[in-house]
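Please keep the sequence and the structure open beside the text.

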Amino acid sequence: MHIENIVREIIKEQSQIIGEQLARQIAINSGVVKFNSTNVDDLTITSPGEGAALEKIINSYEMLFGNTSVEVCIDVIHRFGSKEISDILPDSLNQRLSRSK
Amino acid sequence: MFNKKIFNIVTVSLFFIYSIWWLLLLVFSPNHDSPFNDYFADSYGILSGVGGIIGLIISKKWGFLQSYMGKSLAYLSFGLICQFLGQVSYSIIFYVYNIENAYPSIGEIFYLASIPLYVLGVWNIAKASGIKLSLQKTKYKMVSILLPFLMILVSYHVFLINYDSQEVPFSVVLLDYIYPIGQAFFVSLALLTYFTTRSYLGGLMRGKIFFVLFALVFQYIADSMFIFETRSENWYAGGLSDLMFVVSYFIMTLGLIRFFSIDEEIKPAKQAV
């Protein structure tokens, strides 16, 4: 549930930059998010590994603006408390989080 | 209904027509006094009008005024449309009311409006490109203050330092100050965005955004050329500055078109069977 909230917030932040339609499309293209309705809040993480799902979302958005997109995502994770979820995140993502502090 | 190919064909065709027209004027109107010189100068704004409409269509894909990228594409497009409307205004005054040299007139409202619109366009590009991240560094904070100040200073020195406002109507003096300083401001923002975001900005958007910033710099060069020619009384209809405007509208429109097919570009590559 915590990861879903983070993903939801990432998509909202990215929507402010690129528009909701594209932000949703990129999230769907990541393969780990399914929207249950037209409401961007109504989503489900479809991938079994929540930490890996978060990394896939970040990698998807990275395709668009590079590090700029990644920093937006990482900023969201920090706001939710990166320390609390660091146990379930892949090492590669934890490294990115610690570099950006 | 709309596709990138059609946008490109229309834009390139218009640019081709006006480029050939300009070359023909160079060869067949050496004294620059042919009516075709006037027709050229009074019509090339079509390219900016078409570019603006194309840009507005594309901005809808990016959320129009609901996102930074949508706003930037929309404001830049409105700026192009204002350039077109400015030219149309002067054309109406000349061909319908038979008034020559009507400067300044209602057309200046549109030309002036394009400056804040371009500023808003660049500012939203800057926000989308991560300028907030870059401005956390002290050196970029300094650049963000110095660069616009320097550009305005250079513009003042080049265009205004020997400006003689005696016997010049106040409205003309005002415009003669606002244009070079306002244009220096938007081009300095474009340069600032480039220099401060180039280490962060990557992905599909990097090339597209830098292309649009380059288009704005070129527009500034075209505007500066026009001011130079006008002040030195070397401007003529269908001259070099008119060609540079044609080129700048063309480059800007091409830059906007590059944002059209983003939904195709973000599709994941299909796995080989």
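A residue is called buried if 20 or more other C-beta atoms lie within 10 Å of its own, exposed if 12 or fewer do, and partly exposed in between, with C-beta atoms placed from the backbone. Val154(B) has 13 C-beta neighbours inside 10 Å, so Val154(B) counts as partly exposed. Its place is in helix α7 (residues 138–160) of chain B. Helices here are DSSP runs of H or I with at least four residues, strands are runs of E with at least two, and both are numbered from the N terminus. Between Val154(B) and Glu108(B) there are 24 Å from C-alpha to C-alpha, at a sequence separation of 46 residues.

A word on conventions: residues are numbered from 1 along each chain as its sequence is written, and chains are lettered from A and ligands numbered from 1 in the order in which they are written. Because the model is predicted, local features need pLDDT of at least 70 and side-chain atom pairs count only at pLDDT 80 or more, while totals for chains, interfaces and linings use all residues.

Now for chain B as a whole. Chain B holds 11 helices and 0 strands. Its radius of gyration, taken over C-alpha atoms, is close to the value from the globule rule (2.2 Å times the number of residues to the power 0.38), so chain B is as compact as a globular protein of that length. The table collects the values.

| Property of chain B | Value |
|---|---|
| Radius of gyration | 20 Å |
| Box along the principal axes, C-alpha atoms | roughly 65 × 45 × 30 Å |

Buried residues make up 44% of the 273 residues in chain B.

Next, the interior. A nonpolar core is a set of buried Ala, Val, Leu, Ile, Met, Phe, Trp, Tyr and Cys residues joined through C-beta atoms within 7 Å. The largest one has 94 residues, and Val7(A), Leu54(A), Val122(B) and Leu216(B) are among those with the most contacts inside it. Helix α4 (residues 68–95) of chain B gives the largest share of this core, 12 residues. Two residues are in contact if their C-beta atoms, placed from the backbone, lie within 7 Å. Leaving aside residues up to four places away in sequence, Val122(B) touches Phe186(B), Leu189(B), Ala190(B), Thr193(B) and Leu216(B).

Finally, where the chains meet, 23 residues of chain B are in contact with 20 residues of chain A. α9(B) gives the most to this side of chain B, with 4 residues.
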